[in-house]
Amino acid sequence: MVVMKMKFPFEKRVKLAQGLWLLSWVATMAGAVTFTLGCVLKTELRRRAEVMDNTEIHVVPNTLMIVGVASLGINYFAGRICQDALDAGRFPRWKNFLKPYFAVSCFFTVLMLLSVIMSYAMKGNLESSLKIGLKNGIRFYKDTDTPGRCFQKQTMDRLQMQFQCCGNTDYTDWFEVQWISNRYLDFSCKDVKDRIKSNVDGRYLVDGVPFSCCNPSSPRPCIQYQLTNNSAHYNYEHQTEELNIFVVGCREALVSYYMGLMNTIGVGVLSVFLIQASVLVSLRYLQTAMEAVAGQENTEIETEGYLLEKGVKETIMEYLDPVFKFLMLNKVEEGEATDS
Amino acid sequence: MAFMPVKFDLPKRVKLAQGLWLLYWISMMVGILIFSLGIFFKIELRKRSEMMDNNESHFVPNLLILMGMVACGVNAFGGKVTHDSLDPTKFPKWKPMLKPYLTFCCGFNILLLITALLCFLMQFALYLTLADGLKNGIKFYKDTDTPGRCFMKRTLDMTQIEFRCCGNNNYRDWFEVQWISNRYLDMSNVEVRDRVMSNVEGKYLMDSVPFSCCNPGSPRPCIQHHLTNNSAHYDYDHRIEELNIWTRGCREALVAYYGGLMNSIGGLILLTIILESVDMAGLKYLTTSLESMSDPENPECESEGWLLEKGVKETMSDLFAKLKTMGKTNQVEEGAQAAT
């Protein structure tokens, strides 16, 4: 039972070969674009690597880069094959090459689709990675003298200013951590001693935020300290004050930034996927149409092209049989080895 | 005696035409680049026009845009002429336009030279405009409720954050103006009243700076207020403290940025002048070698190409003589008219 038969007279075959040659060039550039998009995403993820706990999200740009490079190779061969296709003398040498070629090409094309699905599926993973990374960033903000953490302060400050966000979930995260180093606290001052003794861990907690949380759009100079104390500032009420500091949490800001980036890239990759799939489909039709011509005296006869010779299930079994045989052969060999 | 004659046979003429066509394409790309740089420069000036009192001069970017468009047109025409030059049927229609075209190219090169000079010289005008604009910006920082100046605070804050600078000349400029609006000052407070009455104009002056002057690279949380008072902060000496706030003035930072941009554009224009001159020389050689063919019917004959028909001195004296006769003709005509 043949899947999707189509009749191909001589002119149609010629047109198919020419169209395929042009399409393979377009697909090559699309593959290069995919590789570039993967590089862009990886660079953006690396830039903020300090506030991410793990690099699992990097599997998305890595896959895109691999698929981009692979599609360059796939389309190069597609172009060569269709150039030789209309010459009945040169086409047969590609015969043995085409079966593994289609297997590999289908694999990489499906991988392209998978990478787009992964970029949406890994949103939760990204969010939890950022949650832990930002929590550490806030915790180690004050440790500018500890090797390995010297630049946490600068990283957090620049992040908050660039993404216009404050804290992890929101600005109150800064109230739970001592973000002013002991080096700059005057322990002979009564106020400082009281604050430290007021909590179990002996930390100097303030209801204040760093300057990088300040919103430049605020009409009044920034209020960073004593945020919850209305009487400490003239004409100030913290429940209704909106523009003073950034209200968005940095986790939310970063997740929406990366999701927006991956959405844009996903749309581009989907169109590349469609182009690549059409290249493979056209090549398959051309191959089957030309195979029917082989051996005939009149090369201008009408032939039939199809996608799959047998049904879908049988074709999949046909491809997987060699793989199973290989695995079974290993098992038999192992059995013999243990016997002897 | 021709100036710099070169002998050309057919393969050499063909190579010259091909090389010249490629060179015209490159020159057209450079023309597009100048056009886009002009637009980019214009946008950068508009972005910060608030810092320049909205009266910055857009003459140079407008001139760059114009030069870019003219360069594109000139090079496209030159490329077309070169493309047609080796076809004896198409070339004759371009022949009469060549002399005015080359004269126009000469004039265009002189205009490019003037543009490059203007690019380098505009930096001084920009320096003066910025000095005024920033002074006013600092003065109107607090006027977030005055129509027309609502966004001065935000613009100045964002500029200080982006360019890592503070104040006009340096951070002390903030000590001389009242940058906290009266709306947020508690006039019933004794301290506030003392400060306001301590100076002639009744301004609330402090030795403090806005939060946007803070340096994220500082190891300690930002000290914005009581900057000159060492005892107000623990372990702080304002004379040796370097990383706390930005020490550079914004005028210096902005001038360096725009100066760098204008220097690069000026350098690119000088490069364009050299490229255009090479184009003109190549075209002159090509056209003279085609015109001086001894046997027009036989394309393979040898011919000679030159830059100037006579020597440099003779060409210059010819040119002056022409200019004189043009002036004299006018005089003779006037004399004749006066006589009648």
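Start with helices α4(B) and α6(B): α4(B) passes α6(B) in a left-handed crossing. A crossing is called left-handed if the near helix is turned anticlockwise from the far one by less than a right angle, and right-handed if clockwise. Helices here are DSSP runs (H or I, at least four residues), numbered from the N terminus.

The model is predicted: local features need pLDDT of at least 70, side-chain atom pairs count only at pLDDT 80 or more, and totals for chains, interfaces and linings use all residues. Residues are numbered from 1 along each chain as its sequence is written, chains are lettered from A and ligands numbered from 1 in the order in which they are written, and side-chain values use heavy atoms, with hydrogens and water left out.

**The helix pair in chain B**

Select residues 250–291 of chain B for α6; its axis and that of α4(B) come within 10 Å and cross at roughly 65 degrees. α4(B) is therefore roughly perpendicular to α6(B). The axes are lines fitted to C-alpha atoms, for helices over the stretch in contact, with angles from 0 to 180 degrees between N-to-C directions. Angles of 65 to 115 degrees count as roughly perpendicular, under 35 as roughly parallel, over 145 as roughly antiparallel and the rest as oblique.

Now show the side chains. From α4(B), T159(B), Q160(B) and F163(B) meet C250(B), A253(B), L254(B) and Y257(B) of α6(B). Contact means heavy atoms within 4.5 Å.

Stay on C250(B), which is in helix α6 of chain B. C250(B) is buried, at a relative accessible area of 0%. Buried means under 20% relative accessible area, exposed over 50% and partly exposed in between (1.4 Å probe, protein chains only). Leaving aside neighbours within four places in sequence, C250(B) is in contact with L134(B), Q160(B), C165(B), C166(B), G167(B) and N168(B). For a distance check, pick E302(B): C250(B) and E302(B) are 52 residues apart in sequence and 65 Å apart in space, C-alpha to C-alpha.

**The nonpolar cores**

Next select W174(B). Not counting residues up to four places away in sequence, W174(B) touches a set that includes I138(B), Y141(B), L156(B), W179(B), M206(B) and V209(B).

W174(B) is among the residues with the most contacts inside the largest nonpolar core, together with W174(A), F41(B) and V209(B); that core has 138 residues. Its largest share, 19 residues, comes from helix α7 (residues 250–293) of chain A. Apart from it lies another core, of 17 residues, among them L20(B), V74(B), W94(B) and Y101(B). A nonpolar core is a set of buried Ala, Val, Leu, Ile, Met, Phe, Trp, Tyr and Cys residues joined through side-chain atoms within 4.5 Å.

**Salt bridges**

Over all chains there are 22 salt bridges. A salt bridge is a side-chain nitrogen of Lys or Arg within 4 Å of a carboxyl oxygen of Asp or Glu.

In chain A, select R183(A) and D145(A), whose closest N and O atoms are 3.2 Å apart in a salt bridge. R183(A) sits in the loop between α5 (152–163) and α6 (190–197), and D145(A) in the loop between α4 (123–139) and α5, 38 residues apart. R183(A) is partly exposed at 28%, and D145(A) is partly exposed at 46%.

In chain B, select E162(B) and R48(B), which meet in a salt bridge (3.1 Å, N to O). E162(B) is in helix α4 (residues 152–163), whereas R48(B) is in the loop between α1 (10–47) and α2 (59–85), 114 residues apart. Which of the pair is buried and which exposed? E162(B) counts as exposed at 51%, while R48(B) is buried at 6%.

Also in chain B, D145(B) and R183(B) meet in a salt bridge (3.1 Å, N to O).

**Last stops**

Select T34(A), in helix α1 (residues 10–47) of chain A. T34(A) is buried, with a relative accessible area of 0%. Beyond four places in sequence, T34(A) touches L64(A), G68(A), V269(A) and V272(A).

Then look at two backbone angles. Q226(A), in the loop between α6 and α7 of chain A, has a positive phi near 50 degrees. R164(B), in the loop between α4 and α5 of chain B, has a positive phi near 55 degrees. Most residues other than glycine have a negative phi. Q226(A) is partly exposed at 38%, and R164(B) counts as partly exposed at 41%.
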